[in-house]
Amino acid sequence: MADQPRTAGPHYGSSHGTSYGGLPYGSTNESNTSIYNNSASRQTVKFITAVTIGISLLLLAGLIFTGTVIGLIVATPLLVIFSPILVPAMFVLFLVTSGFLFSGSCGVAAIAVLTWIYNYVSGNHPAGADTLDYAKGYLADKARDVKERAKDYGSYAQGKFQEAAQGAY
């Protein structure tokens, strides 16, 4: 395409920035090679920067690891000497912390339940109120059925007792 001559168009020769063959109009090959050189040098700078930062972070990680190992070497004899005190202390600390967390969560749950009950009683119908109403109606129906069955069984048993009493005389 670069070998083909340009055809006259509405913007030929104007400074509107028309392009031909991917190159800006009016630019030469010499100026475009400096753009490509700039991008290559920019990539080189990016690579060098990334390598420098990577090496610095790797060095920092090595120093932190070395410090951790030295700290463990120094602290291990102290941990062995004080373990009869530290192990029960950590156990007690764990139990106290878990107790506080459990009691706090039970308090939050109690507040949530009391808030739900207050909203339900005041008629705001919180989430799950319809299910509770359905369950209440279902239990009332079952209780009524049990009451009727007990009444029927009571009258049946009373009739049997009367028959047995009449047969004994």
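1. Start in helix 2. Aspartate 141 and arginine 144 are three residues apart there, so about one helical turn separates them. Their side chains meet in a salt bridge, with 2.9 Å from N to O. Side chains of opposite charge can pair when their charged atoms come close. The count for the protein comes to one salt bridge. Aspartate 141 is partly exposed, at a relative accessible area of 39%. Arginine 144 is also partly exposed, at 45%.

2. Now the overall plan. This is a predicted model. The protein has two strands and two helices. Read from the N terminus, the elements run β-β-α-α. Helix 1 covers 29–121, and helix 2 covers 129–168.

3. How much of the protein is buried? Buried residues make up 3% of the 169 residues. The protein exposes about 14700 Å². Carbon and sulfur atoms supply 70% of that area.

4. Next, the record. An unreviewed UniProt entry places the feature "transmembrane region" at residues 47–65, 72–94 and 100–121. Such annotations may be inferred rather than shown by experiment. In the model, residues 47–65 are 100% helix and 0% strand. The end C-alpha atoms of residues 47–65 are 27 Å apart. Residues 72–94 are likewise 100% helix and 0% strand. For residues 72–94, the end C-alpha atoms lie 23 Å apart.

5. Look at the surface of the protein next. Which residues form a nonpolar patch there? The patch consists of Leu78, Leu79, Ile81, Phe82, Ile85 and Leu86. Together they have about 590 Å² of accessible area. Take leucine 79 as one member of the patch. Leucine 79 lies in helix 1. Its relative accessible area is 48%, so leucine 79 is partly exposed.

6. Aromatic pairs come next. How many are there by the rule used? The count comes to three. One of them joins tryptophan 116 and tyrosine 120, and this pair is stacked. The ring centres of tryptophan 116 and tyrosine 120 are 5.3 Å apart, with 5° between the planes. These two residues are four apart in helix 1, which means about one helical turn lies between them. Is tyrosine 120 buried or exposed? Tyrosine 120 counts as buried because its relative accessibility is 19%, and the cut-off for buried is under 20%. Tryptophan 116, at 25%, is partly exposed.

7. Another stacked pair joins tyrosine 134 and tyrosine 138. Here the distance is 6.4 Å centre to centre, and the angle between the planes is 25°. The pair counts as stacked because planes under 30 degrees apart meet that rule. Both tyrosine 134 and tyrosine 138 lie in helix 2, four residues apart, or about one turn of the helix. Tyrosine 134 has 61% relative accessibility, so it counts as exposed. Tyrosine 138 is partly exposed, with a relative accessible area of 44%.

8. Last, the loop between the helices. Where does histidine 125 lie? Histidine 125 sits in the loop between helix 1 and helix 2. What is the phi of histidine 125? The phi is near 50°, a positive value in a residue other than glycine. Most residues other than glycine have a negative phi. Check histidine 125 in the 3D view with this value in mind.

Technical notes
Residues numbered from 1 in each chain as written. Predicted model: local features only at pLDDT ≥ 70, side-chain atom pairs only at ≥ 80, totals over all residues. Heavy atoms only, no water. Phe/Tyr/Trp six-rings, centres within 6.5 Å; stacked < 30°, edge-to-face > 60°. Buried < 20%, exposed > 50% of the residue type's maximum accessible area, 1.4 Å probe, protein only. Patch = residues over 30% accessible without salt bridge, like charges linked within 9 Å, V, L, I, M, F, W, Y side chains within 5 Å. Areas by Shrake-Rupley, 256 points an atom, 1.4 Å probe, with all protein chains shown as cover. Salt bridge = Lys/Arg side-chain N within 4 Å of Asp/Glu carboxyl O.
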